[in-house]
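Keep the structure open beside you and take the points in order.

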Amino acid sequence: MTPDSIRAHHFTDPGAETLHGFLLRHVERIPDHPAVVEYLGPGRHSITTYRQLNERMQGYAAHLEELGLDVGDRVILEADTSSESIAMLLACSSLGLVFIPVSPEAPELRIQMIAQATEPRLYLRSRTGIREWTPSSGGLGTFGPDGLRLSRPPEAGRRRRRALTGTDTAYMIFTSGSTGQPKGVVMSHQSVVAFYRGMLQYGIVDETGRVATTSPLQFDFSLLDIGLALGSGAAVVPVPRALLRWPRRFLQVLSETGATQVNGVPSIWRQVLRHEYDRLAALTAVRGVLFCGEEFPVPELRALQEAQPQACIVNCYGSTESMACSFTQVPNPLPVDTKVLSIGHAHPGAEMFIVDEQGISLQEPGVPGEIHIRTPALFSGYWADSASSRRSLVVDPEDPRSGRIVLRTGDLAYRGSGGELYFCGRVDSQVQIRGNRVELGEVERRLLEFPGVSAATALVVDDGCGEVVLAAFVVHTNPEDGPDMIQKFCARNLPAYMVPQFVECVESLPVTSNGKVDRAALIARLALKD
Ligand SMILES: Nc1ncnc2c1ncn2[C@@H]1O[C@H](COS(=O)(=O)NC(=O)C[C@H](N)c2cccc(Br)c2)[C@@H](O)[C@H]1O
């Protein structure tokens, strides 16, 4: 009997590198272990075990299976991280359906753009969703702990595929589009699993771990957290987005769920460090903190280390096009003269290297070059944008004849004495001020040396007369020092063209939906000032 005689639609090789196969590999061994711990309010939280997560996933998959969807069809998941959204993304994965996570807080236009570009067969919203808008075509439904409810079935379609392979797409993440039109990063099953395998070799958490995740599901950082937890036999602890912005409530969630690992972008700590330092210091269960996405201002990192001396802090560097790349432990305590944090070396199975404008690899310390990454975790390309894909997926500059493809990151770094890398901005964040090349990160690092400045963002704006003006926003503990003191400090330490002509002290820095400093918002604020 040949496989063809049994029309197996999803004839998946059980050993295949699939997302669901990898994340559920501990189910048989620890079925009653917590897989997701959800905070329900003061003194209440719920536990979903590995067995329950698997059963919910099977239930969703059985319902999806009846809809006649095919490998490669897209499903938009409008949800935050929860036991049901994790079960749903696993169910999609098991059927070869490409899930596209979008945040319930995402602007309607962004969701319409994504739906228009990807033509999803199904639009699913977690039951707790409140959005009015729904797409005018395609299947429509909501899902919750009690199952999937369809208000409009997808149009019937012919199944063309026979088997799910490792090169098929597991998910698509749309970038925040800070530099123009959002792009759909297409990630295959085998790339995600290759990344997970590399990350898990660090043993960041063990089976007793409880990984608090603070990123929206639409940001692939959340997929790191889910993979780190479930891949280690530990539990995911989603921090409700609404509580994240209240330092006291955020810490209460961590305390009551017994979180041992807290993952998130640097900005999640800003208000906690300013307003709830003592409560943070009282959290004794935390063993690790992992951050990514942008540089952690050194003064704030020192404060976090003082409050959590027992926590192992990891600087995770990477871009969505290869999920992430390096995991570098921050020295504890941070040496007193530290200005820049190392992004170290790529995780096992990958390699980071830097090249100059001619594409020649740089080995000597201190010379900045563009970071390239050799990794099996490469994205497949940007959705419906082969020109952009070719700019990021380039032939290995060190060995063009080999045809080997590497990721060109657009990031700059230089090597330290041990060969480790130090991030020093993006290729496109090099600005020219009065004919001089300026790296904005260098201005920010100098601002951070002024006593009391805990965070700083430097940016250039056009003053309308063709001149560019260097401006800075700083978070400052005692603002009476005022902007002019900070400017004088910079004038003593920086060449004139690198001294911000405009400095504003702010209580906090605006952040994007992914938690990174929102530079566009700051530029808009400046434009309003003129
Ligand atoms: N640790 C750092 N120090 C400094 N600059 C960083 C760091 N991590 C990023 N960046 C910057 O952010 C860019 C990328 O942005 S991104 O595509 O939105 N992705 C991200 O930020 C997050 C990234 N996908 C990620 C990180 C961890 C796990 C997973 Br799974 C995914 C990089 O190219 C860098 O410019």
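1. Gly227 touches Leu23, Tyr196, Met199, Leu200 and Ser232, leaving out residues up to four places away in sequence. Please bear in mind as you look that this is a predicted model. Gly227 sits in helix α6.

2. Is Gly227 buried or exposed? Its relative accessible area is 0%, and a residue counts as buried when that value is under 20%, so Gly227 is buried.

3. For a contrast, turn to Gly349, in the loop between β16 (342-344) and β17 (351-355). Gly349 has 62% relative accessibility, and because the cut-off for exposed is over 50%, Gly349 counts as exposed. Setting aside neighbours within four places in sequence, Gly349 is in contact with Arg374, Thr375 and Pro376. Arg279 is 70 residues from Gly349 along the chain, and 39 Å separates their C-alpha atoms.

4. Now for the nonpolar interior. In soluble globular proteins, nonpolar side chains tend to be buried together. Here the largest nonpolar core has 119 residues, and the members that touch the most others are Leu64, Tyr196 and Trp269. Tyr196 is also among the contacts of Gly227. A second, separate core has 21 residues, including Ile433, Val453, Phe489 and Met498.

5. Which residues does Leu64 contact, leaving aside neighbours within four places in sequence? They are Met88, Ala91, Cys92, Leu95, Leu97, Leu122, Leu124 and Leu148.

6. Next, have a look at the ligand. It is surrounded by 19 residues, and the closest are Asn315, Cys316, Met323, Asp411 and Lys516. By class, the shell around the ligand holds eight nonpolar, five polar and six charged residues.

7. Which atoms lie by the ligand's nitrogen atoms? Asp220 places a polar side-chain atom 2.9 Å from a nitrogen atom of the ligand. From the backbone, Gly293 has a polar atom 3.0 Å from a ligand nitrogen, and an N or O atom of Met323 lies 3.2 Å from a ligand nitrogen. Taken alone, the ligand exposes 690 Å², of which the protein buries 92%.

8. Finally, the elements giving two or more residues to the shell around the ligand are α6 (220-231), β14 (312-317) and β22 (421-426). The largest share, three residues, comes from β14.

Terms used:
Residues are numbered from 1 along each chain as its sequence is written. This is a predicted model: local features need pLDDT of at least 70, side-chain atom pairs count only at pLDDT 80 or more; totals for chains, interfaces and linings use all residues. Side-chain values use heavy atoms; hydrogens and water are left out. A residue is near a molecule or strand if one of its heavy atoms lies within 4 Å of it. A polar contact is a pair of N or O atoms within 3.5 Å; within protein, one must be able to donate a hydrogen and the other to accept it, and residues adjacent in sequence count only if both atoms are side-chain atoms. Accessible areas come from the Shrake-Rupley method with a 1.4 Å probe; for residues, only the protein chains shown count as cover. Helices (H or I, at least four residues) and strands (E, at least two) are DSSP runs, numbered from the N terminus. Ala, Val, Leu, Ile, Met, Phe, Trp, Tyr, Cys and Pro count as nonpolar, Asp, Glu, Lys and Arg as charged, and the others, Gly among them, as polar. A nonpolar core is a set of buried Ala, Val, Leu, Ile, Met, Phe, Trp, Tyr and Cys residues joined through side-chain atoms within 4.5 Å. Buried means under 20% relative accessible area, exposed over 50%, partly exposed in between (1.4 Å probe, protein chains only). Contact means heavy atoms within 4.5 Å.
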